Amino acid sequence: MSRTPLIAGNWKMFKTGSEAVATARRLAEFASDITNIDIMIAPPFPSLALVSENLKSMSSRVNVGAQNLFYINEGAYTGEVSAKMLKAAGVSHVIIGHSERRQYFGETNEDICRKIKAAVESDLIPIMCIGETESQKKDGKTFYVLDKQIQNGLQGFRSNELLTLVIAYEPVWAIGTGNTATPEQAEAVHSYIRSEIEKMFNSNLAEDIRIIYGGSVKPDNISELMSHKNVDGALVGGASLDADKFIKIIKYNRIK
Ligand code: PGA
């Protein structure tokens with residue numbers, strides 16, 4: 001299998017500029033011997049350029065991601081940040097449609113589709129987050145919800161525009177709760193997502209696309225999650241804030 005694992009840290013609304021730089025530098029030192037995994041950290045907007053300059057000066061392979069973007073390049077949109085600005089700040093990846101953005105900021109699948117388009121046009125790697133809530137799961141609607149998120153989020157794309165796309169399956173009930181999906185649950189959903197990508201696009205894209213898992217990933221559950229064939233990495237929240245902890249996740253036992 002040729003998919004390079006991606007271990008990504010979502011720092012959410014944590015860390016000032018100096019705290020972000022200190023954590024990023026520590027992580028870069030720990031990760032200096034790692035070559036076979038893509039690593040990304042996503043600090044808040046004000047730290048992006050600073051963190052990326054620091055990592056560059058260390059010749060680190062740790063990538064910098066943003067947690068959101070707006071889909072227009074520039075204009076009178078107070079408080080928003082565009083793909084072009086992220087790119088100029090040294091950002092390579094962008095998380096799109098995180099459940100907290102869907103839940104607290106009213107992001108719809110249509111917004112997410114436009115954001116992915118903006119990312120692709122600026123040559124940023126989009127990480128599209130999808131996942132069902134606890135009540136949707138209880139009502140047996142998991143696959144229905146995922147279908148809608150995938151179909152509407154990726155509507156109108158040609159497969160060759162999505163070659164770098166990463167899909168993050170993040171069941172909302174698992175985020176920040178300590179209730180990780182079992183590796184078997186994650187594998188079953190990831191394999192379903194891959195089959196949806198095949199139906200919507202083609203088998204080449206389905207085979208190449210990285211599908212990562214998020215929701216209470218920790219040093220002690222990452223290896224088992226990663227042992228499954230359709231789990232290509234992790235999007236880590238809480239456990240990515242501490243470089244010592246995050247590096248343990250990055251250095252999981254490779255048994256696949
Ligand atoms: P968590 O967050 O690892 O703290 O559960 C994951 C995420 O929200 O991406």
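## Basis of the model

Because the model is predicted, local features need pLDDT of at least 70 and side-chain atom pairs count only at pLDDT 80 or more, while totals for chains, interfaces and linings use all residues. Residues are numbered from 1 along each chain as its sequence is written, and side-chain values use heavy atoms, with hydrogens and water left out.

## The ligand and its surroundings

The ligand has 13 residues around it, of which Lys12, His98, Glu170, Gly176 and Ser216 come nearest; a residue is near if one of its heavy atoms lies within 4 Å. The shell consists of four nonpolar, seven polar and two charged residues. In this grouping, Asp, Glu, Lys and Arg are charged, Ala, Val, Leu, Ile, Met, Phe, Trp, Tyr, Cys and Pro are nonpolar, and the others, Gly among them, are polar.

## Aromatic pairs

Four aromatic pairs are counted, the rule being that ring centres of Phe, Tyr or Trp (its six-membered ring) lie within 6.5 Å. In one of the pairs, phenylalanine 143 and tyrosine 192 have ring centres 4.3 Å apart and planes at 50 degrees, so this pair is tilted; planes under 30 degrees apart would be stacked and those over 60 edge-to-face.

The two residues are 49 residues apart, and the pair links distant parts of the chain: phenylalanine 143 belongs to helix H7 (residues 142-153) and tyrosine 192 to helix H8 (residues 183-200). Helices (H or I, at least four residues) and strands (E, at least two) are DSSP runs, numbered from the N terminus.

## Two loop residues with positive phi

Most residues other than glycine have a negative phi. Lysine 12 has a positive phi, near 50 degrees, and is found in the loop between strand S1 (6-10) and helix H1 (17-30). Aspartate 123 also has a positive phi, near 65 degrees; its place is in the loop between helix H5 (109-121) and strand S5 (125-130).
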